[in-house]
Amino acid sequence: MLKVNQNYLKLPGSYLFSDIAKKVKGYKEEHQGEEVISLGIGDVTRPLTPTIVKALHEAVDDMADIERFHGYGPDLGYAFLREKIAEFDFKRRGCEICADEIFVSDGAKSDSGNIQEIFAETCSIAVSDPVYPVYVDSNVMAGRTGTYDPASTRWSDVVYMPCTKDNDFVPDLPSKTPDIIYICSPNNPTGIALTRDQLQTFVDYAIKNKSVILFDAAYEAYISEENVPHSIYECEGARECAIEMRSFSKNAGFTGVRLGYTVVPKNLVDAEGKSLYALWARRHGTKFNGASYIQQRAGEAVYTAEGQKEIEGLVSYYMENARTIRDGLTKAGFTVCGGVNAPYIWLKTPESMTSWEFFDYLLHNSQVVGTPGSGFGPSGEGYFRLTSFGSHENTRKAVERIVALK
Ligand code: PLP
């Protein structure tokens with residue numbers, strides 16, 4: 001009997017951003033001529049920088065030449081890119097990660113969604129809450145999360161690590177020992193990054209309890225504070241307990257190009273000594289045919305001196321917006337965090353409004369679109385996310401409108 005995967009049917013509602021898009025579309029139809037500014041979706045808006053564009057053009061030219069044409073690439077990615085990653089992102093920061101431990105992919109969404117496949121169905125998971133929804137949803141699809149309670153918006157078998165005003169948005173250690181711990185730092189949506197000591201506490205906990213940490217560092221390029229690690233491998237012992245995922249989307253604007261990578265240390269094993277590296281390599285080889293030669297050449301250009309300078313420019317552009325939002329809203333009396341080590345500003349909704357009530361209030365009274373915090377997990381209720389990926393002009397205008405409401 002043909003039957004769909006029943007786990008998919010457990011996923012509640014539709015995807016957060018399609019709900020937002022529907023509401024905005026409805027509003028625009030009813031209020032034609034009004035200018036709506038979006039500080040909602042976490043997509044970049046600045047174009048690719050000249051060094052990247054040149055590398056893309058050259059790679060396309062390679063593909064047009066019989067001598068320089070490239071078909072299927074090596075399973076784990078081209079050495080020219082993996083060696084640069086190992087050198088720049090890890091060795092330079094004192095992390096012992098070699099090129100062989102890097103798996104090039106088409107982005108951190110696929111990797112953070114797919115990585116759970118190499119673990120047993122019986123493994124339990126813990127997530128910081130609120131967080132990027134892919135971690136929980138991909139485990140729902142795999143049947144690891146138990147039943148969903150619509151009233152509390154919680155899954156019975158997920159260990160939530162609440163991040164709220166009460167703990168300065170830094171997760172406490174899990175209340176029940178999980179097999180798998182998802183950490184996103186700097187965090188989407190709160191914009192908070194764990195310090196080296198805070199992350200070390202999680203690494204020590206994972207080693208002691210034989211858990212694995214799945215560490216998503218997609219926003220690493222936005223870190224501005226010295227005591228915040230850029231990689232989990234800056235923590236002692238992390239090679240024994242952590243997998244790290246990275247993306248070229250937010251540092252170099254590759255959301256439309258697609259490129260990322262995952263690091264799996266070769267010594268990482270499960271409780272029976274089975275290699276996680278071997279399983280991820282097997283999965284990669286079986287289900288993925290690689291990011292294209294063109295994407296990987298563009299990635300290589302990110303690590304040139306000019307490429308580095310240009311992407312620093314992109315990050316500073318967005319971080320100026322982060323300051324505009326953070327300072328403006330703080331002056332207006334909002335309780336805000338984030339925006340220092342991440343392009344996200346997380347604010348407490350005023351007057352005990354729910355996240356969606358505040359979404360409607362902002363859209364109708366200031367024509368500004370943000371993202372309701374409840375879409376990122378139960379502890380996101382009562383909070384709201386604004387992003388700094390817009391233009392300077394629109395960001396300033398949006399902040400002025402929100403401040404004027406107060
Ligand atoms: N991880 C986090 C925490 C994100 O917020 C996002 C995108 O918003 C991604 C991963 C997706 O990255 P990529 O574009 O590389 O798939």
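**Entry 1: ground rules**

I start with a definition: a residue is buried under 20% relative accessible area, exposed over 50%, and partly exposed in between (1.4 Å probe, protein chains only). The model is predicted, so I note that local features need pLDDT of at least 70 and side-chain atom pairs count only at pLDDT 80 or more, while totals for chains, interfaces and linings use all residues. Residues are numbered from 1 along each chain as its sequence is written, and side-chain values use heavy atoms, with hydrogens and water left out.

**Entry 2: salt bridges**

Side chains of opposite charge can pair when their charged atoms come close. I used the salt-bridge rule of a Lys or Arg side-chain nitrogen within 4 Å of a carboxyl oxygen of Asp or Glu. The structure holds 19 of them.

I looked up Glu272 and found its side chain in a salt bridge with that of Lys274 (3.8 Å, N to O). Glu272 is exposed because its relative accessible area is 64%, whereas Lys274, at 47%, counts as partly exposed.

Next came Lys287, which forms a salt bridge with Glu117, their closest N and O atoms being 3.1 Å apart. This pair links distant parts of the chain, 170 residues apart: Lys287 is in helix H9 (residues 276–287), and Glu117 is in the loop between helix H5 (108–114) and strand E3 (125–129). Helices (H or I, at least four residues) and strands (E, at least two) are DSSP runs, numbered from the N terminus. Lys287 is exposed at 51%, and Glu117 is partly exposed at 34%.

Are Arg246 and Glu244 buried or exposed? Both are buried.

**Entry 3: the nonpolar cores**

I counted as a nonpolar core any set of buried Ala, Val, Leu, Ile, Met, Phe, Trp, Tyr and Cys residues joined through side-chain atoms within 4.5 Å. The largest has 95 residues, and Ile85, Ile213, Ile232, Tyr233, Phe248 and Phe254 touch the most other members. Helix H11 (residues 305–331) supplies the largest share of this core, eight residues.

I then followed Tyr233 through its contacts (heavy atoms within 4.5 Å). Beyond four places away in sequence, Tyr233 touches residues including Phe90, Cys95, Ile97, Glu244 and Pro265. Another core, of 29 residues, lies apart from the largest one, and Ile118, Cys123, Val158 and Leu276 are among its members.

**Entry 4: two domains**

The domain assignment gives domain 1 (14–46 + 307–405) and domain 2 (53–303); such bounds come from an automatic or database assignment. Their C-alpha centres lie 26 Å apart. I found 31 residues of domain 1 in contact with 39 residues of domain 2.

How many salt bridges are there between domain 1 and domain 2? The count is zero.

**Entry 5: a helix and a histidine**

Helix H10 (residues 293–302) is largely enclosed by the rest of the structure because eight of its ten residues are buried. Tyr293, Gly299 and Val302 are among the buried ones. Their cover includes helix H3 (50–63), helix H4 (79–90), strand E2 (102–105), helix H8 (249–252) and H11.

Last, I looked up His392, which is found in helix H13 (residues 392–405). His392 counts as buried because its relative accessible area is 17%. Leaving aside neighbours within four places in sequence, His392 is in contact with Tyr317, Glu320 and Asn321.
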